[in-house]
Amino acid sequence: MRCFKRFLLLFLLFSSMGCGDVLYLSRLGWHQSYITFHSIPVEELVRDEEAGPLTKEKLRFVQEVKRYGEERFGLRKTKNYSKFFEVKGPVLHVITACEKDRLHPYIWKFPIVGQVTYKSFFTADEAVEEKDLLDRKGYDTFLQQAAAYSTLGWLKDPIFSSILEWNEGTLANLILHEMAHATVYFRDRTDFNEQLATFIGNQGAIDFLTERHGPESKEVREAIDHQEDDLLFSGWTDQACQQLSAYYGREISKEEKLKGREALFRSIQENFQKMKGQFKTEAYRNADKMGLNNAVLLAYRRYFYRLDKFEALYQTLGRDLRRVVEYFKMIKASDNQMALSSFLE
């Protein structure tokens, strides 16, 4: 019955798409099948005498974070992270595109997930091919790499070997971020989904590490610094996007907008350089060295836009992350678009 349901899902998915989209999804499916087939059960690896002690420690740590997220925050119980996959380099290559004369992202449309503001590839060549195509069409583009992803609970997401090199705070943050996607996902709301997961990952990591190491520990201080840097960076991206939106809204020709925006990009980077000393971690220290365009700013904003609203909700709900998760679960279950729109205002 399970196999039949998966076959039916794939049939419905492919039958509603064009040839190019079918090819894209079939490639994703092939790579995902390869990962699934070659993943090793975590329990087997933990028992393996040849596996290093640090690897085993990090694998157990991921399991601990997962249990904590399920039991304390009410995140969805899945069989994710029960397997391990050896990987070299980034897991995904992610392309974002945007019109050059307004902050209007390029939208990809897929069944089930709906409208999405980015497109992911397992190989760099395919991602570069997509980027070149969008460049030729006249869009701003930005190519990033990702160390993990969520299949939204449809498949068993593995632990990728590359993330085991990270410190406890970063690793806990990532696991809780991806668990949030598998718990609450709003169709056609890509950016909101990422922002919610960012907040849950940040605050969840702080709560977890506080219980594990104590509130005055180095691990907790680093996690708090990371969250504060995200909030600071969020403010910078908000201001930058507001400046650009105001500029693009002027009644001048497209040619004038494209010519004049470069000076505005330089001003935005200069503003960032003035605030660099306020960052407490290394996460954003080199952000000003990256060339700016509309796609770069929208890719940043996708994760960090108005994080202060989530922080305000967290405070209103008694600094209880489980209640935050339940709040959005309720909105999702009731399909209350008015409540969601009200939060986004």
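Where does Asp 48 lie? Asp 48 sits in the loop between α3 (42–47) and α4 (53–73). The views below show a predicted model, in which local features need pLDDT of at least 70, side-chain atom pairs count only at pLDDT 80 or more, and totals for chains, interfaces and linings use all residues. Residues are numbered from 1 along each chain as its sequence is written, and side-chain values use heavy atoms, with hydrogens and water left out.

**View 1. The protein chain as a whole.** The secondary structure comes to 13 helices and eight strands; helices (H or I, at least four residues) and strands (E, at least two) are DSSP runs, numbered from the N terminus. Taken along the principal axes, the C-alpha atoms of the protein chain fill a box of roughly 65 × 55 × 45 Å. Of the 345 residues, 48% count as buried. Buried means under 20% relative accessible area, exposed over 50%, and partly exposed in between (1.4 Å probe, protein chains only).

**View 2. A patch of negative charge on the surface.** The patch gathers Glu 44, Asp 48, Glu 49 and Glu 50. Asp 48 counts as partly exposed, at 31% relative accessibility. Patches are made of residues with over 30% relative accessible area and no salt bridge; like charges are joined within 9 Å, and nonpolar side chains (Val, Leu, Ile, Met, Phe, Trp, Tyr) within 5 Å. Lys and Arg count as positive and Asp and Glu as negative, while His and the chain ends are not counted. The place of a charge is taken as NZ of Lys, CZ of Arg, CG of Asp or CD of Glu.

**View 3. A nonpolar surface patch.** Ile 112, Trp 154 and Leu 155 make a nonpolar patch of about 290 Å². Accessible areas come from the Shrake-Rupley method with a 1.4 Å probe, and for residues only the protein chains shown count as cover. Trp 154 is found in the loop between β7 (140–146) and β8 (159–160). With a relative accessible area of 51%, Trp 154 is exposed.

**View 4. The salt bridge of Glu 130 and Lys 119.** A salt bridge is a side-chain nitrogen of Lys or Arg within 4 Å of a carboxyl oxygen of Asp or Glu, and by this rule the count comes to 18. Glu 130 forms one of them with Lys 119, the closest N and O atoms being 3.6 Å apart. Glu 130 lies in helix α5 (residues 124–136) and Lys 119 in strand β6 (residues 119–121), so the pair ties together parts that are eleven residues apart in sequence. Both Glu 130 and Lys 119 are buried.

View 5. Lys 131 and Asp 135 form a salt bridge, with the closest N and O atoms 3.1 Å apart. Both residues lie in helix α5, four residues apart, about one turn of the helix. Lys 131 counts as partly exposed at 23% relative accessibility, and Asp 135 counts as partly exposed at 31%.

**View 6. The salt bridge of Asp 140 and Arg 261.** The side chains of Asp 140 and Arg 261 meet in a salt bridge of 2.8 Å, N to O. This pair links distant parts of the chain, with Asp 140 in strand β7 and Arg 261 in helix α9 (residues 254–275), 121 residues apart. Asp 140 is buried, with a relative accessible area of 3%, and Arg 261 is buried, with 6%. A network of salt bridges links Lys 100, Asp 140, Arg 261 and Glu 262.

**View 7. Two residues with positive phi.** Most residues other than glycine have a negative phi. Tyr 81, which is not a glycine, has a positive phi near 65 degrees. Tyr 81 is found in the loop between α4 and β2 (83–85), and is buried, with a relative accessible area of 4%. Arg 306 is not a glycine either and has a positive phi of about 50 degrees. Arg 306 is found in the loop between α10 (294–304) and α11 (307–316). With a relative accessible area of 25%, Arg 306 is partly exposed.
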